[in-house]
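Biologist: Could you walk me through how to read this one? I'd like the general idea for each feature, then the case at hand.

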Amino acid sequence: MSMNAVPSGPPEPDDNGAPVAGGGGPPYDGDMDRRLTVLETRFDTILPTLATKADLAEFRLAMTGEMSGMRLDMTGQMSGLRLDLNEKMDRLRSDFDAALMSIVKWCAGIALTLFACIAGQGLYLGAQINNLAARLPPASPVAPGPDRPAASPVRTLPQAPPQPGSAAEPG
């Protein structure tokens with residue numbers, strides 16, 4: 001026996017069947033006849049269910065119609081969605097514009113109030129400075145000396161009387 005599991009030569013003919021009618025050929029195989037009958041039965045069963053060219057053309061036409069209908073439906077739905085979206089965007093835009101205008105009004109009001117406060121404070125301080133300047137005695141011109149420049153006259157303010165309880169400075 002060889003090492004290979006597959007036989008290396010042609011199979012030997014079986015002599016268990018009768019020769020085919022007309023003789024001279026290989027022996028008749030009844031098992032093969034049964035298998036052929038099963039295959040023919042399956043073929044005859046499947047053949048009527050296969051589509052013809054006419055069936056395929058009709059199917060193609062029906063599918064084209066269905067797809068056209070679906071395309072029209074989707075186009076209509078998309079148009080409706082587009083209109084809804086544009087309407088909502090317009091409403092959102094108008095709400096945003098209104099809110100922005102409100103914020104601009106508040107900011108402008110705050111800026112004008114701040115400007116008015118600064119201007120009022122400036123006018124008030126200017127009036128107070130003018131009032132104090134009117135109460136001071138006029139400055140006497142001082143001749144320039146060797147220790148004093150001519151451009152900066154020194155004013156002497158009167159000394160306040162000493163407060164009771166404070167230490168008097170020796171003078």
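**Reading the model**

Modeller: Phe43 counts as exposed because its relative accessibility is 52%; buried means under 20% relative accessible area, exposed over 50%, partly exposed in between (1.4 Å probe, protein chains only). This is a predicted model: local features need pLDDT of at least 70, side-chain atom pairs count only at pLDDT 80 or more, and totals for chains, interfaces and linings use all residues. Residues are numbered from 1 along each chain as its sequence is written, and side-chain values use heavy atoms, with hydrogens and water left out.

Biologist: What share of the 171 residues counts as buried?

Modeller: 0% of them.

Biologist: Which helix holds Phe43?

Modeller: Helices (H or I, at least four residues) and strands (E, at least two) are DSSP runs, numbered from the N terminus. Phe43 sits in helix H1, residues 30-46, and the protein has two helices and zero strands in total.

Biologist: How confident is the predictor?

Modeller: pLDDT gives its confidence in each residue, from 0 to 100. The average here is 81, with 69% of the residues scoring at least 70. Over residues 1-9 the pLDDT is below 50, and that stretch has zero contacts (heavy atoms within 4.5 Å) beyond near neighbours in sequence.

Biologist: And how many disulfides does the search find?

Modeller: A disulfide is a covalent bond between the sulfur atoms of two cysteines; the test is a pair of cysteine sulfur atoms within 2.5 Å. The whole structure has zero. Cys107 counts as partly exposed because its relative accessibility is 48%, and Cys117 is partly exposed, with a relative accessible area of 48%.

Definitions and conventions: pLDDT = per-residue confidence, 0-100.
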